[in-house]
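This report describes selected secondary-structure packing in the structure shown below. It treats helices against a sheet, then the sheet, then a pair of helices.

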Amino acid sequence: SSALWISSSSSSQNWEYDVFPSFHGKDVRKAFLSHILKEFGRKAINFFVDNEIERGEFIGPELKRAIKGSKIILVLLSKNYASSSWCLDELVEIMKKESGQTVITIFYEVDPTDVKKQKGDFGKVFKKTCKGKDKEKIKTWRKALEDVATIAGYHSSNCVDEAAMIENIAAEILNKLNHLTPSRDFDCLIGMVAHMKRMEQYLRLDLDEVRMIGIWGPPGIGKTTIARFLFNQVSSRFQDSALIEDIKGSYPKPCFDEYNAKLQLQKKMLAKMINQKDIMIPHLGVAQERLRNRNVFLVLDDVDRLAQLEALAKNVQCFGPRSRIIITTEDRRLLNAHGINHIYKVGFPSDDEALQMFCMYAFDQKSPKDGFYELAREITYLVGELPLGLKVIGSHFRGLSKEQWSMEVSRLRTNLDGEIESILKFSYDTLCDEDKDLFLHIACFFNRENIKRVEELIGQRFKDLRQRL
């Protein structure tokens, strides 16, 4: 079900700290660690400070709470780390790892193999600490050391410039924090969970096959928003992912050098996919070679030419198993021509959803303020159910007095808002001359007629026109 893969911001853990540093104080506190913490401060990374709290026989509740409440645990393993039973108990607690936590290791003047196998100088110190201790406790210490030593980390012995290493550590942590921070970009969206549920039959993330899925509908219906939401929710499950927006706007018109235009699109896609800005693409076969064995999630937004799909997603063989390619477009014929059978038609919101959308932009809440219900209902009816139109008009009414609302509603009864008119006209302009004539005839002679009556008179041609608009 959608609950398995659509995350909820309300279920996110409330972290108290960004980073919890685990270290042996005498080894690193006044030198290496102090420089790391200073760099954290410069980058606004919130870290737990122990203030040299008194260390007893057992870890206190304050430290346990700090470990569980930190997004990232930084384990600074030094020569004498294992000389402290407190540090070892702390490590056991760390390696239990809460859901969503990340552990980063720094091997400071110590070999990871010595940590894993408790040998060398590190092993001697560990054995000394184990004297007189319970066998079960020693077993848990060994397991924690073995586990933490297998986590790829930073080695001071491989570093020529310690300052550069500290900067790299802080940069990596900041990058991880940015990815761990739950997105609030979609909290105010209306009807998105319903869209996701309907799309499950097309996505089928449980299948190993490669799938291309079209998201189709008129301008302003919300195709790009749906694609962005989908990318935000599921892209982390794939080896590589990229969201390529406004492909139509970045493709030359007229296109006199189609090969070069395709090459530039591939370059843009691969640069985002592998996070490399200055990537070189000598020919069109490079992208397929790089991605054919990779499990990818790719969103191609606002596609309007078959050549664009041929450049970025020629066929399912271009991608590894379980890959999902999402294409948003206003032209269903383009999807059919590319052999895409999984097509999600974006429908208009219900009356209640339309009202909620309008209210989110007009009042910053899902329902009208007291005294505005009837006006909000009428405006929603006058504007129609196009989400982009509801956004434009809702933003226009935001902050106006009730008297101003009444005046603006009177104007809307006879005149369409300029921005909304331009959105609708864009759909009209994309029609061929014959369909434009048909549209004008319908607008002039069948105003306020029942749609079924119009279909009976004009037939299939009218149905086709409705789909294209």
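In this predicted model, helix α9 (residues 192-203) lies across strands β5, β8 (324-329) and β9, and runs at about 145° to β5. Helix α10 (residues 223-234) lies across β5, β6, β7 (296-300), β8 and β9, with a direction about 165° from that of β7. The two placements are set out in the table.

| Helix | Strands it lies across | Angle |
|---|---|---|
| α9 (residues 192-203) | β5, β8, β9 | about 145° to β5 |
| α10 (residues 223-234) | β5, β6, β7, β8, β9 | about 165° to β7 |

The sheet itself is open and has five strands in the order β6-β7-β8-β5-β9, paired in parallel. Its edges are formed by β6 (240-244) and β9 (342-345), each of which pairs on one side only. From one strand to the next, the twist averages 15°. Four bridges join β5 (residues 211-216) to β9 in the parallel sense. Within this pairing, I215 has Y344 of β9 as its bridge partner.

A further packing concerns two helices. The axes of α4 (residues 85-94) and α7 (residues 135-149) come within 9 Å and cross at roughly 65°; α4 is therefore roughly perpendicular to α7. The crossing of α4 and α7 is left-handed. On the α4 side the contact is made by S85, L88, D89, L91 and V92, and on the α7 side by K137, T140, W141, A144, L145 and V148. By class, this contact of α4 with α7 comprises seven nonpolar, two polar and two charged residues.

Note on methods
Residues numbered from 1 in each chain as written. Predicted model: local features only at pLDDT ≥ 70, side-chain atom pairs only at ≥ 80, totals over all residues. Heavy atoms only, no water. Pairing = 2+ DSSP bridges. Axes fitted to C-alpha atoms, helices over the stretch in contact; angles between N-to-C directions. Contact = heavy atoms within 4.5 Å. Parallel < 35°, antiparallel > 145°, perpendicular 65-115°, else oblique. Left-handed = near helix turned anticlockwise from the far one by under 90°. Nonpolar A, V, L, I, M, F, W, Y, C, P; charged D, E, K, R; others polar.
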